[in-house]
Amino acid sequence: MVNKKLLELVDNKNHFTVDKCVLLCARKMKLDTDSLILLIYLLNGENNQLFNYKKILKELDFSEKELLSAISQLKEKKILSIVMQKDDNGILEERLNINSFYEILVSKLLDDTETAGSENDLFGIFEKEFGRTLSPMEYDIINDWTESKISKDLIIAALKEAVFNGVSNLRYVDKILYEWNKKGIKNVSDIEKKNKKQEDEKSGTYYEYDWLNE
């Protein structure tokens with residue numbers, strides 16, 4: 001079921017805009033729905049705006065618990081800060097500041113630019129080996145691997161292992177990566193060392209030396 005609050009955000013009578021890069025950044029930061037809604041609301045308002053608690057509750061149809069939870073997550077993610085400033089009359093007031101989010105956004109965009117080439121290559125390699133287009137869920141699985149700092153070479157090695165065993169399934173590749181991680185295999189050289197050790201054990205010849213009848 002479509003979230004009621006998200007529908008309200010795109011309603012013509014209360015139209016908020018949001019760039020795709022903001023949504024992608026929010027997804028990478030694993031923001032929940034209420035936190036994303038509050039972030040969109042703040043991005044469409046005046047930065048460093050007065051913290052009008054009742055106004056936010058009314059416009060977003062939040063309960064107090066939902067608003068406090070959303071604020072807490074945005075603060076935890078270093079997206080939002082609540083600062084105390086004096087107005088023209090010298091009276092202290094609370095203001096919502098999201099300057100740090102723009103810094104986070106720029107940082108994420110730069111990271112994406114640097115890794116886009118290698119990630120796109122990785123998707124292409126999987127599609128070539130599987131002989132089909134990857135599903136959105138499979139794209140997410142590969143993204144999870146790269147975000148977990150698993151090297152591209154190790155992912156490709158796991159793919160080759162799966163294909164060698166006649167399995168064109170990302171869950172099988174994921175299982176291979178999981179087992180390798182349990183065995184302390186972090187890169188391709190670790191696999192080569194392990195394979196060499198197994199070959200030496202298989203090809204090794206052992207002789208019993210008869211010391212008494214030498």
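Angles under 35 degrees count as roughly parallel, over 145 as roughly antiparallel, 65 to 115 as roughly perpendicular and the rest as oblique. The model on screen is predicted: local features need pLDDT of at least 70, side-chain atom pairs count only at pLDDT 80 or more, and totals for chains, interfaces and linings use all residues. Residues are numbered from 1 along each chain as its sequence is written, and side-chain values use heavy atoms, with hydrogens and water left out.

Helices here are DSSP runs of H or I with at least four residues, numbered from the N terminus. Axes are lines fitted to C-alpha atoms over the stretch in contact, and angles run from 0 to 180 degrees between N-to-C directions.

**First stop: α3 and α4**

Select residues 33–43 for helix α3 and residues 53–60 for helix α4. Their axes come within 12 Å and cross at roughly 115°, so α3 and α4 are roughly perpendicular to each other.

Next, show the side chains of Ile 37, Leu 38 and Tyr 41 in α3, which meet Lys 55, Ile 56, Glu 59 and Leu 60 in α4. Contact means heavy atoms within 4.5 Å. The residues of this contact divide into 5 nonpolar, no polar and 2 charged.

**Second stop: α7 and α9**

Now select residues 136–147, helix α7, and residues 170–182, helix α9. The axes of α7 and α9 come within 11 Å and cross at roughly 15°; α7 and α9 are therefore roughly parallel to each other.

On α7, pick out Met 137, Glu 138, Ile 141, Ile 142 and Trp 145; they make the contact with Leu 170, Arg 171, Val 173, Asp 174 and Leu 177 of α9.

Note on methods:
Helix = DSSP H or I, 4+ residues; strand = E, 2+ residues; numbered from the N terminus. Nonpolar A, V, L, I, M, F, W, Y, C, P; charged D, E, K, R; others polar.
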